[in-house]
Amino acid sequence: MVRQYTNDRDEAFITMYKLRYKYDTSDFHVGISSSNIPMIDIDINDMYLVFKLAYKLSRKYNCDVGIFKTEKGYHLVLLRKVNNLRKFYYELYKTELRNYVDNMQFRVGMSWGENTLRISKKSKAPKLIAIVR
Amino acid sequence: MTKRRKYSPTIDFEPEEDEKKIIDLSLDKWLSEALETKEKQYDGAIVVDEITDLERLLSYYGLNDYKYVVYYSPSIKLMELLKWLVW
């Protein structure tokens, strides 16, 4: 996986276009990466779930949460700084997101040093559909 | 007498009021102030995907501790895949 980091915006885009030209593909993109700002990539097209999660995170961490619509799902950006991003993701993984983050995906992502928490449909997780009394 | 255990799958979340509040706070509405002051910074910049919106958002909240990353993400479209399979 090719990853090049830079502080300069123009440099990033020039690098992207150079790589696109060199390898004759449009598969190179520019993104934003931060080791302090939590970003959650949700590949589930469930608006209610995303707003619910955003609301919970907003209340729990006392901050605003930005929601972006992507092709596959949504991006959540917590608008605050966090000292230890990995610890923060681990807490989320163990609490709010326990039914959505795949164990192996989480471990691999963190070991690769990713600054984004990825959420996709977890097939094995049981989902509450009703309570009968 | 045993006490019945109370179960609520959506703890402290009231979608009727709170969800509306969040939806009302659309990006355009509360970023409009930021755009007025920050618009000049982005004159002539390349607008790609959500980068610009995210930059504006982070700038608005005074969060400037980030880097740009160029990454490779191959995308094989279904039609291209079918084309390959047919050939």
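These questions and answers set values from a predicted model against the definitions behind them.

Author: Residues are numbered from 1 along each chain as its sequence is written, and chains are lettered from A and ligands numbered from 1 in the order in which they are written. In this predicted model, local features need pLDDT of at least 70 and side-chain atom pairs count only at pLDDT 80 or more, while totals for chains, interfaces and linings use all residues.

Reader: Why does N115(A) count as buried?

Author: A residue is buried if 20 or more other C-beta atoms, placed from the backbone, lie within 10 Å of its own. N115(A) has 21 C-beta neighbours inside 10 Å, so N115(A) counts as buried. N115(A) is found in the loop between helix 4 (103-111) and strand 6 of chain A; helices (H or I, at least four residues) and strands (E, at least two) are DSSP runs, numbered from the N terminus.

Reader: What makes strand 3 and strand 5 of chain A a pair?

Author: Two strands pair if DSSP finds at least two bridges between them. Strand 3 (residues 39-42) and strand 5 (residues 74-78) of chain A have 4 bridges, in the antiparallel sense, and therefore meet that definition. I42(A) has Y74(A) as its bridge partner in strand 5 of chain A.

Reader: In what sense do strand 3 and strand 6 of chain A pair?

Author: Strand 3 pairs with strand 6 (residues 116-119) of chain A in the parallel sense, over 4 bridges. The bridge partner of D41(A) in strand 6 of chain A is R118(A).

Methods: Buried ≥ 20, exposed ≤ 12 C-beta atoms within 10 Å, placed from the backbone.
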